[in-house]
Each structure stands twice: as structure tokens, then as C-alpha cells.
Amino acid sequence: MIKLYGLEISNYYAVVKAFMLEKGFEFEEIEIAPSYSEPYLELSPMGKMPFIEVDEGYLSETSAILGFLENCVPDQPMTPADPFVSAKMSELFKVVELYVGNESARLVGPVFFGAELNQAVAEQIKPLMVKGLAAVDRLASFSPYMMGANVTMVDFYAYYIFTTARLIAKKVWDWDILLEVDGLRDWLQIMSQRPMIKLVDDQRNIAIGKMLDNA
Ligand SMILES: N[C@@H](CCC(=O)N[C@@H](CS)C(=O)NCC(=O)O)C(=O)O
């Protein structure tokens, strides 16, 4: 059985968990905090969570994990069949990852863990996010899903990236990023109603509550 390693509070962990539930995988969750030391690096070379363990070995990086899981269950596709549309999904995935997810994640420390906010860094990040969001606006159709009529991998990924980026942008700049992309608010609402996403969100909120109680 697949093992999913990490902590429920992580939005990247939530992506993989929701995707596995949607695809009907059976898996075991193993609670482990990220670490930049051995032997953790053997399992996840950047010291990050989530990562999975399958018969063939360990795999980290959310996009790689989703791609692997997708290829394991080809009869229930979450990737567009047309090669060009599939590549457009990858393009959108990259934009969300690099310019919304990675940029906003640079402010996770100040927003969620009490670190001091470096205003100069925050000022570098916002214009990159503005460009990223404008690119999402061009690439995603939201009809009703990002790539059209069918839900695909990028919807699951982007749902968790946007829910976290939204909180960060609100706290740092009092900025509602949902106003930057036509259709983003309604799509978030549609995604949040999916039973598997509801399940993951409920469990994640409990984990976040426990973390705050212990802080
Ligand atoms: N690029 C990674 C990002 C995952 C990530 O940033 N995970 C965070 C938790 S939400 C983490 O492990 N942080 C610990 C660290 O960076 O040392 C992916 O796509 O999986």
C-alpha cells in the first residue's frame, strides 16, 4: 500500500491526499515533520514534505507525485487527452507553482509562524504574484474547471495553493487575490464542495487547530 509522509497542516500534503482519495488509492498516512538531515534526505532530497513510498521507492515534489499517481490509474484520467491541451495544463500548473505558490510561500514564516516580516522581500514578491495571477487569468477557463468541463490535476493543485496564497496576501498586503482572476472565487467554491476535498479540509483544519492550541 502507498504510504504518504508529512503533516496534515501542509497545503502540499493536502494536494496529494485529496488527489489520492479522488483517484481511489488506498494509502497509509505517516506523520513526519520535514527535516534537512539524514536519513530524511534519502527519502525526500530537498528535506520537504510531502513524499510517498511505493514498492519502487520514495518520491517527493508534489507535481512529480501527482504525475506518477495519474499514470498509475490511466482509466480514470485527470489529464486532458489531447496532447496540446495536456501541455497547456502543465503550463498553467507551472505558473501556479512558480509565481503564486513558491512566491507566496516565502512569506509563510511571518504569516503563520511569527517570524519578522522583511518588507523589502514582501515588495519583491507582490509584483511577481501580480504577473502570475494575470497569467492564470489568461490560461484558466474556469468553465467550470480550470481546463474546461472536466476536473484535472491542476484543479487539485491550484485549490490548495490558492487557499494558502489568499491568506498570505490578505495578511501581508491586505490584498484580495481573488479579485485578480475572473472566475477564481466561484471555482474555489465549486472545488471546496467536492466530498474528498471537504474531507481533507476538515481533517486539515483540525490539525491546524491543534497546532495553534499547542503554540
Ligand atoms: N516544491 C515542494 C514544496 C513542498 C513544501 O514546501 N513543503 C513544505 C511544507 S508545506 C516543507 O516541507 N517545508 C519545509 C522546508 O522547506 O524545510 C513540493 O511541490 O512538494
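**Group meeting: contacts, strands and a ligand site**

A polar contact of 2.9 Å links the side chains of Glu103 and Arg106. Glu103 sits in helix H4. At 12% relative accessibility, Glu103 is buried, since the cut-off for buried is under 20%. One caution before I go on. What you see is a predicted model.

Stay in helix H4 for a moment. Lys88 and Glu91 form a salt bridge there, with the closest N and O atoms 2.7 Å apart. The two residues are three apart in helix H4 (residues 83–105), so about one helical turn separates them.

Now the general point on charges. Side chains of opposite charge can pair when their charged atoms come close. How many salt bridges does the count give? The count comes to nine.

Lys17 belongs to helix H1 (residues 11–23) and Glu29 to strand S2, so the pair ties together parts that are 12 residues apart in sequence. Glu29 is partly exposed, at 37%.

The other is Arg185 with Asp176. Their side chains meet in a salt bridge at 3.1 Å, N to O. Arg185 is partly exposed, with 40% relative accessible area. Asp176 is also partly exposed, at 23%. Salt bridges with shared partners also join Glu8, Lys17 and Glu29 into one network.

On to the strands. Strand S1 covers residues 2–6, and four of its five residues are buried, so S1 is largely enclosed by the rest of the structure. Its partner is strand S2 (residues 27–31). The two run parallel, and five bridges join them. Within that pairing, Ile2 stands opposite Phe27 in S2.

Next, the ligand. Which residues are around it? Ser10, Asn11, Tyr12, Pro34, Lys48, Met49, Pro50, Glu61 and Thr62. A polar side-chain atom of Lys48 is 2.6 Å from a ligand oxygen. In the side chain of Thr62, an N or O atom is 2.7 Å from an oxygen atom of the ligand. Met49 uses its backbone instead: an N or O atom there lies 2.8 Å from a nitrogen atom of the ligand. How much of the ligand does the protein bury? Taken alone, the ligand exposes 510 Å², and the protein buries 72% of that.

Met49 and Pro50 are joined by a cis peptide bond, with omega about 5°. Pro50 is in the loop between H2 and strand S3 (51–54). A cis peptide bond also joins Glu38 and Pro39, with omega about 0°. Pro39 is in the loop between S2 and helix H2 (40–43).

Where is Glu61? In the loop between strand S4 (57–60) and helix H3 (62–72). Glu61 is partly exposed, at 38% relative accessibility.

Phe142 has a positive phi too, about 50°, although it is not a glycine. Its loop runs between helix H6 (119–139) and helix H7 (153–173). Phe142 is buried, with a relative accessible area of 14%.

Now the surface. Phe112, Phe113 and Leu167 form a nonpolar patch there, and together they have about 310 Å² of accessible area. Phe112 is in helix H5 (residues 108–112). At 35% relative accessibility, Phe112 is partly exposed.

Lys198 lies in helix H9 (residues 195–214) and is partly exposed, at 39% relative accessible area. Lys198 and Ala18 are 180 residues apart along the chain, and their C-alpha atoms are separated by 9.1 Å.

That is the tour. Over to you.

Technical notes
Residues are numbered from 1 along each chain as its sequence is written. This is a predicted model: local features need pLDDT of at least 70, side-chain atom pairs count only at pLDDT 80 or more; totals for chains, interfaces and linings use all residues. Side-chain values use heavy atoms; hydrogens and water are left out. Patches are made of residues with over 30% relative accessible area and no salt bridge: like charges are joined within 9 Å, nonpolar side chains (Val, Leu, Ile, Met, Phe, Trp, Tyr) within 5 Å. Accessible areas come from the Shrake-Rupley method with a 1.4 Å probe; for residues, only the protein chains shown count as cover. A salt bridge is a side-chain nitrogen of Lys or Arg within 4 Å of a carboxyl oxygen of Asp or Glu. Buried means under 20% relative accessible area, exposed over 50%, partly exposed in between (1.4 Å probe, protein chains only). A residue is near a molecule or strand if one of its heavy atoms lies within 4 Å of it. A polar contact is a pair of N or O atoms within 3.5 Å; within protein, one must be able to donate a hydrogen and the other to accept it, and residues adjacent in sequence count only if both atoms are side-chain atoms. Two strands pair if DSSP finds at least two bridges between them.
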